[in-house]
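Good morning, colleagues. Please have the sequence and the coordinates open beside you while I speak.

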Amino acid sequence: MNNIECQPLYMDIQEFFEGLEMGVEQQIPLLLVERDALNEAVKREKNHHHDSLTIGMCLCEAHVIRTVVSKPRTKTGRRISIITVPYQLEQHWHVTAILVLYGLPRLFTGSILAHELMHAWLRLNGYKGLEPEVEEGICQVMAHKWLESELLAGSGSSSFSEFERKLAEFHIRLIEKNPSRVYGGGFRAAKAAVNRYGLRRTLEHIKRAGDLP
Ligand SMILES: [Zn+2]
């Protein structure tokens, strides 16, 4: 897919998130990039956990903001020192762009997009410090969920060819059987939690405890 072809797909995936009440309010640019540009971006991003072959990426920036917790108390006749003001550091995330490797088929591009949009959603909703297995696992759950929804929507439609059906099934199996500890193991653990507790409760637990329920 190229950048223009990909925009309707990107909108579909944003709607898919909205349908799960997980709309991403910030408009995040999507860029389909060549392999070299993607590798360059990976090198620059220090805290990005990735396989040897990166196919997508969510670029984020953290802004640290000092928030005053309480005002200094004034005592008559005393000078107030500003250093004694208690404050806490709050981290705010800004998602700069989603990068996806150029030229992949629609279903594959879509599953990468769903994965990367989930990273963006996590950042924008204050999830932080997650173990790679937990974060990549839940992102893979969203990619898997989107592929399943495409398969379901396509099964009754003549526009979805036999080839596309097989391709969707193939990508679903790839996610399920991925031998990587972070992506495969992470997916299987997150999927089991979602099957048991539902997506919303699983996400709430991850936010609270930093781990799967
Ligand atoms: Zn990821």
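Histidine 115 and histidine 119 are both buried, where buried means under 20% relative accessible area, exposed means over 50%, and partly exposed covers the values in between, computed with a 1.4 Å probe on protein chains only. Before I continue, please note that this is a predicted model, in which local features need pLDDT of at least 70 and side-chain atom pairs count only at pLDDT 80 or more, whereas totals for chains, interfaces and linings use all residues. Residues are numbered from 1 along each chain as its sequence is written, and side-chain values use heavy atoms, with hydrogens and water left out.

Which atoms coordinate the zinc ion? His115 and His119 each contribute NE2, and Glu136 contributes OE, at 2.0 to 2.1 Å. Donors here are N, O and S atoms within 2.8 Å of the metal, or 3.2 Å for Na, K and Ca; water is not among the atoms, so sites may look incomplete. Along the chain, the donors of the zinc ion follow the spacing H-x3-H-x16-E. Histidine 115 and histidine 119 belong to helix H3, residues 106-124, and because they are 4 residues apart there, about one helical turn separates them. Helices (H or I, at least four residues) and strands (E, at least two) are DSSP runs, numbered from the N terminus.

I turn to the salt bridges. A search of the whole structure finds 8 of them, a salt bridge being a side-chain nitrogen of Lys or Arg within 4 Å of a carboxyl oxygen of Asp or Glu. Arginine 123 pairs in this way with glutamate 135, and their closest N and O atoms are 2.9 Å apart. That pair links distant parts of the chain, with arginine 123 in helix H3 and glutamate 135 in helix H4, residues 132-155, at a separation of 12 residues. Are these two partners buried or exposed? Arginine 123 has a relative accessible area of 16% and is therefore buried; glutamate 135, at 3%, also counts as buried.

Helix H5, residues 162-177, holds arginine 165 and glutamate 169, which lie 4 residues apart, about one turn of the helix. Their salt bridge brings the closest N and O atoms to 2.8 Å. Arginine 165 is partly exposed, because its relative accessible area is 27%, and glutamate 169 is partly exposed at 28%. In helix H5, too, arginine 173 and glutamate 176 are 3 residues apart, so about one helical turn separates them. The side chains of arginine 173 and glutamate 176 form a salt bridge at 2.8 Å, N to O. Arginine 173 is partly exposed, with a relative accessible area of 42%, and glutamate 176 is partly exposed at 24%.

Next come the aromatic rings. The whole-structure search returns 2 aromatic pairs. Rings of Phe, Tyr and Trp (its six-membered ring) pair if their centres lie within 6.5 Å; planes under 30 degrees apart count as stacked, over 60 as edge-to-face and the rest as tilted. Phenylalanine 16 and phenylalanine 17 form an edge-to-face pair, because their ring planes stand at 75 degrees, with the centres 6.2 Å apart. Phenylalanine 16 is buried at 16% relative accessible area, and phenylalanine 17 is buried at 0%. The rings of tryptophan 121 and tyrosine 127 have centres 5.5 Å apart and planes at 45 degrees, so this pair is tilted. Tryptophan 121 counts as buried at 7% relative accessibility, as does tyrosine 127 at 5%.

Finally, I consider helix packing and the overall fold. How do helix H6 and helix H7 pack? Helix H6, residues 181-197, meets helix H7, residues 199-209, at an angle of about 120 degrees, with the axes 7 Å apart. H6 is therefore oblique to H7. Axes are lines fitted to C-alpha atoms, for helices over the stretch in contact, and angles run from 0 to 180 degrees between N-to-C directions. Angles under 35 degrees count as roughly parallel, over 145 as roughly antiparallel, 65 to 115 as roughly perpendicular and the rest as oblique. Ala193, Val194 and Tyr197 in H6 meet Leu199, Arg201 and Thr202 in H7, where contact means heavy atoms within 4.5 Å.

The protein has 7 helices and 3 strands, and from the N terminus on its elements run α-β-α-β-β-α-α-α-α-α. Of its 213 residues, 41% count as buried. Among contacts with a separation of 6 or more, 71% come from residues 24 or more positions apart.
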